[in-house]
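Work through the exercises below with the sequence and the coordinates at hand. Each task is followed by its solution in steps.

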Amino acid sequence: MALFGRDREHEQRGQRPEAGPPPGPAPREVKMFEREKVQPQETAGTSAFLGKGCRVNGKLASEGAVRIEAQSEGQITAEDTPTIVESATVKAKINGASVVVHGQVPGDITARSLLELHATAKVVGNISSPRLVVHEGAIFEGQCTMGGAQAAAGKKKKPDFSALLGGQAAEDVPPALQPELTR
């Protein structure tokens, strides 16, 4: 039986459709309720992995992305993205380009680009990132600092032109006599 006339087109051209396997790999079968769960990122681009059941105390440094399922304490520094999965508890100071949290982090987090707190995340500590995404259900207790490299380094000071103004501080000079850069 032809479905939408497909077989008829092949027969008219003198070709018969072949009954072979479909081209390319078959997609992974998904159970009915599995797609509703929020799943952490896949480990495809991960250069380091700390599995469930491991305990780490001390400093961890990674040049690439790191996925943490372990219980750890200390300091974590990644040049790329550290991902803390739902089952992990990381009592550490975390630094990374982008930081993704699904688990518990009692500690400070500094992200140079993006910090993402998913629904199962619980962060108790200070965070610093120019961009912040907090999904519904995430818990955050602490202070948040947002801004680029200037926020992390502190506020930019005004230049000191006291040498040009005869030794007087710029604040003591009337506005009309101040150089235009300090107004």
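**Exercise 1. State which element gives the most residues to the lining of the largest cavity, and describe that lining.**

Step 1. β4 contributes the most, with five residues. The model is a predicted one.

Step 2. List the lining: V56, G58, L60, S72, E73, G74, Q75, I76 and A92. The elements that supply two or more of these residues are β2 (55-62) and β4 (71-78).

Step 3. Sort the lining by residue class: four are nonpolar, four polar and one charged. Gly counts as polar in this sorting.

Step 4. Searching the whole structure for cavities of 30 Å³ or more returns one.

**Exercise 2. Find which side chains meet in a salt bridge, and decide whether these residues are buried or exposed.**

Step 1. Side chains of opposite charge can pair when their charged atoms come close.

Step 2. The side chains of E69 and R67 form a salt bridge, with 3.3 Å from N to O. This distance lies within the 4 Å cut-off. The count by this rule is one salt bridge.

Step 3. E69 and R67 are both buried, which means that each has under 20% relative accessible area.

**Exercise 3. Summarise the protein as a whole: secondary structure, burial, contacts and surface.**

Step 1. Two helices and 13 strands make up the secondary structure.

Step 2. The protein has 183 residues, and 30% of them count as buried.

Step 3. Take the contacts between residues at least 6 apart in sequence: 5% of these join residues at least 24 apart.

Step 4. The accessible surface is about 13,100 Å², and carbon and sulfur atoms account for 52% of that area.

Definitions and conventions:
Residues are numbered from 1 along each chain as its sequence is written. This is a predicted model: local features need pLDDT of at least 70, side-chain atom pairs count only at pLDDT 80 or more; totals for chains, interfaces and linings use all residues. Side-chain values use heavy atoms; hydrogens and water are left out. On a 1 Å grid over the protein atoms alone, a cavity is a set of points where a 1.4 Å probe fits but cannot get out, and a pocket is an open set with protein on both sides within 12 Å along at least five of seven lines; lining residues have an atom within 4 Å of a point. Grid points are joined across faces, edges and corners, and a volume is the space filled by probe spheres set on the points. Helices (H or I, at least four residues) and strands (E, at least two) are DSSP runs, numbered from the N terminus. Buried means under 20% relative accessible area, exposed over 50%, partly exposed in between (1.4 Å probe, protein chains only). Contact means heavy atoms within 4.5 Å. Accessible areas come from the Shrake-Rupley method with a 1.4 Å probe; for residues, only the protein chains shown count as cover.
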